[in-house]
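This briefing concerns helix packing, nonpolar cores and selected loop residues. Please consult the sequence and the structure alongside the text.

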Amino acid sequence: MYHPYFRGKQFELITIRETAALMAKANFVPIIEPVREALKGLERALTEICKVDGKAIVIVNPFHGDHAEDGVSISALLEKGFLDKGGITAGILLQNDMDTVDALACYEKHKAHNPTFIHAGFTEAKGLAEKLGGGLANTSHVFFEKHCHKLYRKHFKGAAKRVLLRDGFERRRNADHPAVELFSDLHVTYDEEDMDGFGDFLIVGDDYIEGGGPAYAVAIHLTFIDPEKDEVMYIYHFVSTTKDTPTDPAGKFAQALEKLIKKFNSGSSNLFESNAIKEFRDLHTKGHFPGLGYVKKLSMNHHIETLADFLV
């Protein structure tokens, strides 16, 4: 059903660990593109998923990060520790620098890991579908919506599973975010797209950025489902009042958090009272700033909890 796409930075992997039981119960399948050379965090996340009989797709040929040139260590990790774990499978990222021969070679190499094709700029859809032939029915495919139009996806009709990924997060400077905007309706329309499931890039977005500059404004991003608008998902951007200086991130977080708590307490926010919301409340009561990475983790947790509450 739901396939959240994670790039394997520290707090993304912590989110996976913390929500592993919930995702397993809801039959959510995270897709992980490892971007850090050290794989200990990934191993811990996958171990936690296995403990609760969950599922995950691990990309063995990442496009971004430290493994972009060579994903051999990722393949070795899967083979050594997770080959016998049916829920952990390989993902083959199909980019525009690959042809059908490359795609099939990678597929054959990882066949023991029940691989999924993840289409992200690949241009030889027809050729790949023809080469798969009768075997197409035994393969699974995930499509980046921005790269894969309907005619592209049509070539893989009849596959065992087809999932559509939509980037609902509009990346801009924190100071420029509106108070609220549309995130996605794919959680209620994926079947209209003739898909078996859907996914997104949570509140991070598909754009990959290594590190970040000083926070002139701090924003807390929280998704919610509006029952008055056909259960479409929207996103709040709670932005600090101070936006013109790179100093005092703790003070800016307090300003953004105050806006969040005020909106939630209004009773009209439609925000699901997730464990993440409860932790934001606790941070507000204590007046504590846990760091921007931790804040992003809470927002990701909230997104997963919100969809689990709606879909299960």
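A crossing is left-handed if the near helix is turned anticlockwise from the far one by less than a right angle, and right-handed if clockwise. By this convention, helix 4 and helix 5 form a right-handed crossing. The structure is a predicted model, in which local features need pLDDT of at least 70, side-chain atom pairs count only at pLDDT 80 or more, and totals for chains, interfaces and linings use all residues. Residues are numbered from 1 along each chain as its sequence is written, and side-chain values use heavy atoms, with hydrogens and water left out.

**Packing of helix 4 and helix 5**

- Helices (H or I, at least four residues) and strands (E, at least two) are DSSP runs, numbered from the N terminus.
- Helix 4 (residues 100–109) packs against helix 5 (residues 125–132) at an angle of about 45°, and their axes are 9 Å apart. That makes helix 4 oblique to helix 5 (angles under 35 degrees count as roughly parallel, over 145 as roughly antiparallel, 65 to 115 as roughly perpendicular and the rest as oblique).
- Axes are lines fitted to C-alpha atoms, for helices over the stretch in contact, and angles run from 0 to 180 degrees between N-to-C directions.
- From helix 4, Thr100, Ala103 and Leu104 meet Gly127, Leu128, Lys131 and Leu132 of helix 5 (contact means heavy atoms within 4.5 Å).
- By class, the contact of helix 4 with helix 5 has four nonpolar, two polar and one charged residues (Ala, Val, Leu, Ile, Met, Phe, Trp, Tyr, Cys and Pro count as nonpolar, Asp, Glu, Lys and Arg as charged, and the others, Gly among them, as polar).

**Packing of helix 9 and helix 10**

- The axes of helix 9 (residues 275–286) and helix 10 (residues 292–311) cross at roughly 145° and come within 7 Å.
- Helix 9 contributes Asn275, Ala276, Ile277, Glu279, Phe280 and Leu283 to the contact, and helix 10 contributes Tyr294, Val295, Leu298, Ser299, Asn301, His302 and Glu305.
- This contact of helix 9 with helix 10 comprises seven nonpolar, four polar and two charged residues.

**Nonpolar cores**

- A nonpolar core is a set of buried Ala, Val, Leu, Ile, Met, Phe, Trp, Tyr and Cys residues joined through side-chain atoms within 4.5 Å. Buried means under 20% relative accessible area, exposed over 50%, and partly exposed in between (1.4 Å probe, protein chains only).
- The largest nonpolar core has 59 residues, and Leu46 and Ile88 have the most contacts inside it.
- Beyond its neighbours within four places in sequence, Ile88 is in contact with Leu46, Ile49, Cys50, Ala56, Val58, Leu78 and Phe82.
- Another core, of 22 residues, lies apart from it and includes Phe253, Leu260, Ile277 and Val295.

**The loop between strand 4 and helix 4**

- Asp99 is found in the loop between strand 4 (88–94) and helix 4, and is partly exposed, with a relative accessible area of 29%.
- Not counting residues up to four places away in sequence, Asp99 touches Phe122 and Glu124. The C-alpha atoms of Asp99 and Phe122 are separated by 7.5 Å, and the two residues are 23 residues apart along the chain.
- Gln95 also has its place in the loop between strand 4 and helix 4, where Gln95 counts as buried at 13% relative accessibility.
- Leaving aside neighbours within four places in sequence, Gln95 contacts Phe63, Ala120, Gly121 and Phe122.

**Positive phi values outside glycine**

- Asn114, a residue other than glycine, has a positive phi near 50°. Asn114 lies in the loop between helix 4 and strand 5 (116–119) and counts as exposed at 51% relative accessibility.
- Glu231, in the loop between strand 10 (219–226) and strand 11 (232–239), has a positive phi near 60° and counts as partly exposed at 36% relative accessibility.
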